[in-house]
Amino acid sequence: MSGNGWFETVAEAQRRAKRGLPSSVYSALLAGSEKGVTYADNTAAFSELGLAPHVADLHAERDLATSVMGQPISVPVIISPAGVQAVHPDGEVAVARASANRGTVMGLSSFASKTVEEVVAANPQTFFQLYWSGTRETMIQRMERSRSAGVKGLILTLDWSFSHGRDWGSPVIPENFNLAAMARLLPQVITRPKWLLAFAKARHIPDLTTPNLAEPGKDAPSFFEAYGEWMQTPPATWDDVAWLCKEWGGPFMLKGITRIEDAKRAVDAGVTAISVSNHGGNNLDGTPASIRLLPSVVNAVGSEVEIVLDGGIRRGSDLAKALALGARAVMIGRAYLWGLAANGQAGVENVLDILRGGLDSAVFGLGHSSIQGLCPDDLVIPADFARTL
Ligand SMILES: Cc1cc2nc3c(=O)[nH]c(=O)nc-3n(C[C@H](O)[C@H](O)[C@H](O)COP(=O)(O)O)c2cc1C
């Protein structure tokens, strides 16, 4: 390990996260529901795709910039919203600073531990993510708070089915980090002194509240209170989606699309963008890898909305593959969470640099001068690769 904590690959960031975090925190990051079939397929599917490089007439300069929902980004990867808090004391603010420094968008989960105001101050290019939770009034209030804070887009995530079993065992998440919870977690925490020290230096204990879901003038609900509200909310209809999209009236992404019919309904509801996603394998286990579903969704609605992909992105060549199959950009989850755990803000910057470097190599080797040139011909695609739902 180098003195400044730099790492060479996302795999190394993951190893360091595993070494450095209490086991329940690491396990909460890994997530993956039930048997982990979807979680595993999300990365395995990328390995099935080959690349078809050229050797001459290559381009000395490559342009990797694009935009998502009107936001210019220097590299086609944005931060996917993730609600895990106890990884690092600076949490989402560190991720926002890192993504701002690398010229890209921060996706902020409504289950985040930092306020939307702090996060937008660190990265003005922030999208705020909501679940369909609470009444229409509470949703409007949360949306308007994020609008006043200056967020540039809204993400509505709908692919959650409240399945909680994991074959490898769900981590114990305390209601809050009070003394009793600390005592229960002590055997794990004591073996990870650096993690504890980072929080001690920042003079606060890991936070499990959700400040962006607080009612005006009231305390922030705990993670479990917020989860309870969400579980009790009648599920969204397509009319609800169209209503929220209209109320927001700006760039709007629907996250979690797998089926063509749903992609078309999202277009009808008026969204700006969709994310082909299975929540990183945390939702219904057995859903195919999102990259397998991308070509059919692009074929169905690619001319009508922006399409991003998330799930299983671990290296720059994965970005090249997703773009070659029609994604405008990708979103990352675990890759940056592991970077954050490994080395805070610098660790997230490190992950974004790894992805940029890997993409640049792929664009170079595939003989393009910009990411716009990436196309299916650049790939070796097994006959049984794609799935259409
Ligand atoms: C620990 C964890 C927490 C997450 N929390 C949220 C969340 O609050 N909102 C959301 O829309 N997606 C959430 N996701 C899903 C991510 O936004 C993203 O879809 C997924 O992580 C992409 O897969 P990847 O981790 O393989 O990159 C979470 C994912 C993980 C791993």
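Leaving aside its neighbours within four places in sequence, Asn343 is in contact with Gly5 and Asn350, where contact requires C-beta atoms, placed from the backbone, to lie within 7 Å. The structure is a predicted model, in which local features need pLDDT of at least 70, side-chain atom pairs count only at pLDDT 80 or more, and totals for chains, interfaces and linings use all residues. Residues are numbered from 1 along each chain as its sequence is written. Asn343 has its place in helix H14; helices (H or I, at least four residues) and strands (E, at least two) are DSSP runs, numbered from the N terminus. Asn343 is buried because 24 other C-beta atoms lie within 10 Å; the cut-offs are 20 or more such atoms for buried, 12 or fewer for exposed, and partly exposed in between, again with C-beta atoms placed from the backbone. Although 330 residues separate Asn343 and Ala13 along the chain, their C-alpha atoms are 8.4 Å apart.

The largest nonpolar core has 104 residues, and Ile274, Ala327 and Val330 have the most contacts inside it. Helix H14 (residues 334–365) gives the most to this core, with 15 residues. Such a core is a set of buried Ala, Val, Leu, Ile, Met, Phe, Trp, Tyr and Cys residues joined through C-beta atoms within 7 Å. Beyond four places in sequence, the residues that Ile274 touches include Met253, Leu254, Ile257 and Val305.

What covers the buried residues of H2 includes helix H1 (10–20) and H14. Just after H2, Ala31 takes a positive phi of about 50°.

In helix H12 (residues 290–301), the buried residues include Arg292, Pro295 and Val301. The buried residues of H12 pack against several elements, among them helix H3 (37–48), strand E9 (273–276) and helix H13 (316–324).

Ala56, by contrast, counts as exposed because it has 5 C-beta neighbours inside 10 Å. Ala56 is found in the loop between strand E1 (50–51) and strand E2 (66–68).

Finally, the ligand is surrounded by 25 residues, the closest being Ser80, Gly83, Ser109, Gly280 and Gly333; a residue is near the ligand if its C-beta atom, placed from the backbone, lies within 6 Å of it.

Key:
Contact = placed C-beta atoms within 7 Å.
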